[in-house]
Amino acid sequence: MNLLISRHILRPFLSKHFLYNHILPTISSTNSSSSLILKRFSSSSSKNDNNNNNIEKLENRKDFEEKFKKFERNEKNQTVNIALYMASMAVLMLGLTYASVPLYKMFCEATGFDGIIRKSEDDDIISANVRQLSQRTDKAHPLLRIHFSSTPSSLLPWTFEPEQREIFIKPGETALAFYRAKNESNRPIIGIATYNVQPSQAAFYFNKIQCFCFEEQRLEPGEEIDMPVFFYIDPDFVRDPSLQGVHDISLSYTFFESKGTEHLALMGGDPSVAHVRLKPSETLPYAHRHNDKVKALSS
Amino acid sequence: MTSYTLGQKYISPIKPERGVFPLDHEGECKESMLKYMLCLSRHDNKPSNCQDESKTYFQCRMDRNLMKKHEWEDLGYHHEQQQQQQK
């Protein structure tokens with residue numbers, strides 16, 4: 001391997017074209033001391049000889065120039081080729097960066113990698129799956145602990161807590177759990193929830209039958225609401241070798257304010273005023289407090 | 001989809017498996033929910049012992065059009081399991 005590489009490196013040096021060694025000697029030989037000697041000692045020779053010599057010299061020179069030009073063109077072609085190759089690699093990498101976002105999403109949904117839940121299926125398939133659950137459950141398996149947690153977005157003035165910290169179920173059992181959310185501000189807010197399951201491998205087996213996520217939930221000011229989650233852990237969970245010692249699963253929810261719809265919430269969901277755009281200061285969670293301050297100062 | 005997005009990106013909603021529980025704005029099923037929570041706390045947070053209460057809750061939702069009507073088997077409640085619980 002090393003030999004091949006060294007040969008590859010040495011090849012230009014070995015080529016007889018390197019350094020124009022095959023061309024130069026013809027010039028040097030004609031223009032060096034030998035030619036001078038020839039000139040001196042043949043000064044007495046006839047002028048025809050001289051002319052012949054000159055013609056020969058000219059031809060050799062032209063020949064050399066042609067060969068040199070060809071060599072130069074090849075060199076240029078090579079450098080242009082290399083430059084094009086590099087440019088195309090750069091463009092390819094840029095394209096891959098853009099393509100990676102949807103590709104990654106597809107990969108995550110297909111494999112449930114890193115806590116992403118599997119894509120949704122047909123209603124009939126789900127019902128069939130749930131019906132078959134009791135046959136597939138391993139009754140002797142120890143209980144799994146499902147831990148619930150919540151992370152309200154810092155910009156969202158909601159209190160959002162799970163009603164129960166943890167529940168104990170067997171894989172294959174359906175379970176009902178609740179979260180409670182309260183809108184603390186005095187404007188209607190539309191929120192969206194997303195969730196994540198840890199450990200990541202377990203997310204593949206986490207099947208939620210119904211929940212309150214991924215859809216916009218609108219809460220009036222001061223409204224408090226109970227949100228149920230209905231799910232089960234697939235019985236194949238016990239047969240997964242990478243989940244052998246796992247008895248704890250963590251489900252965490254996060255609520256965001258739905259962007260771009262703050263004005264809808266403010267206008268009471270009336271589509272006829274959907275064109276109204278709020279100023280950024282009016283979309284802040286505690287915009288009402290700002291107004292109060294202004295009133296206090298002016299009055 | 002973890003909790004650390006910068007909050008500026010618009011999250012396009014994807015439909016979950018069987019859809020979303022419509023919000024119970026009037027709190028019509030809050031009573032049965034509280035009963036279920038009581039049962040859970042009594043039985044050491046094991047929902048398998050509280051199947052009756054959860055059934056009541058689902059029934060309440062289905063009656064008030066807050067949930068699509070399903071058979072009990074579709075929701076994972078089987079007669080075998082019930083008999084085992086009673087034993």
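1. Strand S9 (residues 248-257) of chain A is mostly covered, with seven of its 10 residues buried. Buried here denotes under 20% relative accessible area, exposed over 50%, and partly exposed in between, with a 1.4 Å probe and protein chains only. Strands (E, at least two residues) and helices (H or I, at least four) are DSSP runs, numbered from the N terminus. The model is a predicted one, in which local features need pLDDT of at least 70 and side-chain atom pairs count only at pLDDT 80 or more, while totals for chains, interfaces and linings use all residues. Residues are numbered from 1 along each chain as its sequence is written, chains are lettered from A and ligands numbered from 1 in the order in which they are written, and side-chain values use heavy atoms, with hydrogens and water left out.

2. S9(A) pairs with strand S1 (residues 144-152) of chain A in the parallel sense, through eight bridges. Two strands are taken to pair if DSSP finds at least two bridges between them. In this pairing A:Pro152 is opposite A:Phe255 of S9(A). S9(A) also pairs with S5(A), here in the antiparallel sense and over eight bridges.

3. Strand S5 of chain A spans residues 189-198 and includes A:Asn196. Nine of the 10 residues of S5(A) are buried, so the strand is largely enclosed by the rest of the structure. Strand S7 (residues 217-219) of chain A is joined to S5(A) by three bridges, with the two strands running antiparallel.

4. A:Asn196 deserves a separate remark. With a relative accessibility of 6%, A:Asn196 counts as buried. Its side chain makes a polar contact of 3.1 Å with the side chain of A:Gln198. A polar contact is a pair of N or O atoms within 3.5 Å; within protein, one must be able to donate a hydrogen and the other to accept it, and residues adjacent in sequence count only if both atoms are side-chain atoms.

5. A further sheet in chain A is open and consists of four strands in the order S2-S4-S8-S6, with antiparallel pairing. Strands S2 (158-162) and S6 (206-210) of chain A stand at the edges with a single partner strand each, so one side of each lacks a neighbour in the sheet. On average, neighbouring strands of this sheet are turned by 30° against each other, direction ignored. For such angles, axes are lines fitted to C-alpha atoms, for helices over the stretch in contact, and the values run from 0 to 180 degrees between N-to-C directions.

6. Within this sheet, S4 (residues 174-183) and S8 (residues 224-233) of chain A pair antiparallel over nine bridges. One of the bridge partners is A:Val229 in S8(A), for A:Ala177. Helix H1(B) packs on the sheet, where it touches S4 and S8 of chain A, and its direction makes about 120° with that of S4(A). S6(A) and S8(A) are joined antiparallel by four bridges, and A:Phe206 has A:Ile233 as its bridge partner in S8(A). Five of the five residues of S6(A) are buried, so this edge strand is largely enclosed by the rest of the structure.

7. Chain B contains three helices and zero strands, in the sequence pattern α-α-α. Of its 87 residues, 44% count as buried. Chain B exposes about 5,400 Å², of which carbon and sulfur atoms supply 48%; areas come from the Shrake-Rupley method with a 1.4 Å probe, and for residues only the protein chains shown count as cover. Among contacts (heavy atoms within 4.5 Å) in chain B with a separation of 6 or more, 48% link residues 24 or more positions apart.

8. B:Pro22 lies in the segment before helix H1 (30-42) of chain B and is partly exposed, at a relative accessible area of 34%. Leaving aside neighbours within four places in sequence, B:Pro22 is in contact with B:Arg61 and B:Leu66. B:Pro22 and B:Leu66 are 44 residues apart in sequence, yet 5.7 Å apart in space, C-alpha to C-alpha.

9. On confidence, chain A averages a pLDDT (the predictor's confidence in each residue, from 0 to 100) of 74, and 63% of the residues score at least 70. Over residues 286-299 of chain A pLDDT stays under 50, and the model has four contacts beyond four places in sequence for them. Where pLDDT is low, the predicted coordinates should not be read in detail.
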